[in-house]
Amino acid sequence: MHEFHEAIHIIEHAVEQAQKENKKKVTKINLVIGESSGFSGESIRLHFEDAAKGTLCEGAEISVRAVKTMLKCPNCGELFVRKPFQFDCPHCGTDGVPSEVGKEMSIESIEAE
């Protein structure tokens, strides 16, 4: 259900941006969604399609750039993608800790005409 609220937020932001630029229609919204964000790009697309009806965003394409979850080595600072059942840094072998990379959910850009 949180994807529905996020879709509404995306629409509000896109409409506001389009109106600031005197645009009549939002054609594409580029999102960044981290795999640990708790959001599903497909679910957001479905909710967006319903929620956008009657707005400047109706019919707009949703493009998603997926971001892999990364760990950070507390010893050497290396950011790395965790392999299944492995947490060790490929550079120094220290167990990595969660980072913010892969938790994001944001609008990267909006295209309008």
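Colleague: How far apart are the end C-alpha atoms of H1, and what should its 19 residues span?

Modeller: At 1.5 Å a residue, the 19 residues of H1 should span 27 Å, and the end C-alpha atoms of H1 are 27 Å apart, which agrees. The expected span is 1.5 Å times one less than the number of residues. Helices (H or I, at least four residues) and strands (E, at least two) are DSSP runs, numbered from the N terminus. Please keep in mind that this is a predicted model, in which local features need pLDDT of at least 70 and side-chain atom pairs count only at pLDDT 80 or more, while totals for chains, interfaces and linings use all residues. Residues are numbered from 1 along each chain as its sequence is written, and side-chain values use heavy atoms, with hydrogens and water left out.

Colleague: OK, which residues of H1 are buried?

Modeller: They are Glu-3, Glu-6, Ala-7, Ile-10, Ile-11, Ala-14, Val-15 and Ala-18, where buried means under 20% relative accessible area, exposed means over 50%, and partly exposed lies in between (1.4 Å probe, protein chains only). An α-helix has 3.6 residues a turn, so residues three or four places apart point the same way.

Colleague: And what covers them?

Modeller: The cover over the buried residues of H1 includes E1, H2 and E6.

Colleague: Which residues touch the most other members of the largest nonpolar core?

Modeller: That core has 18 residues, and those touching the most other members are Ile-10, Ile-11, Val-26, Ile-29, Leu-31, Phe-48 and Cys-57. A nonpolar core here is a set of buried Ala, Val, Leu, Ile, Met, Phe, Trp, Tyr and Cys residues joined through side-chain atoms within 4.5 Å. Two or more residues come from each of helix H1 (2-20), strand E1 (26-34) and helix H2 (41-51), with H1 giving the most, 6 residues.

Colleague: What does Leu-31 touch?

Modeller: Leaving out residues up to four places away in sequence, Leu-31 touches Ile-10, Ile-44, Ile-62, Ser-63, Val-64, Arg-65, Met-105, Ser-106, Ile-107 and Glu-108, with contact taken as heavy atoms within 4.5 Å.

Colleague: Switching to sheets, in what order do E1, E2 and E6 stand?

Modeller: The order is E2-E1-E6, in an open sheet of 3 strands with mixed pairing; two strands count as paired if DSSP finds at least two bridges between them. Strand E2 (61-67) and strand E6 (105-112) stand at the edges with a single partner strand each, so one side of each is left without a neighbour in the sheet. Neighbouring strands are turned by 20° against each other on average, direction ignored; axes are lines fitted to C-alpha atoms, for helices over the stretch in contact, and angles run from 0 to 180 degrees between N-to-C directions.

Colleague: Which senses make it mixed, parallel or antiparallel, for E1 with E6 and for E1 with E2?

Modeller: E1 and E6 pair in the antiparallel sense over 7 bridges, and Leu-31 stands opposite Ile-107 in E6. E1 and E2 pair in the parallel sense, also over 7 bridges, with Ser-63 in E2 as the bridge partner of Asn-30.

Colleague: Where do the helices sit, H1 on the sheet and H2 across its strands?

Modeller: H1 packs on the sheet by touching E1 and E6, and its direction makes about 40° with that of E6. H2 lies across E1, E2 and E6 and runs at about 160° to E2. E1, H2 and E2 together make a right-handed β-α-β unit, which is to say that, with the strands pointing away from the viewer, the path from the first strand over the helix to the second runs clockwise.

Colleague: What about E3, E4 and E5, how is their pairing?

Modeller: They form an open sheet of 3 strands in the order E4-E3-E5, with antiparallel pairing. Strand E4 (79-81) and strand E5 (97-98) are at the edges with a single partner strand each, so one side of each has no neighbour in the sheet. Strand E3 (residues 70-72) and E5 pair over 2 bridges, and Lys-72 stands opposite Val-97 in E5.
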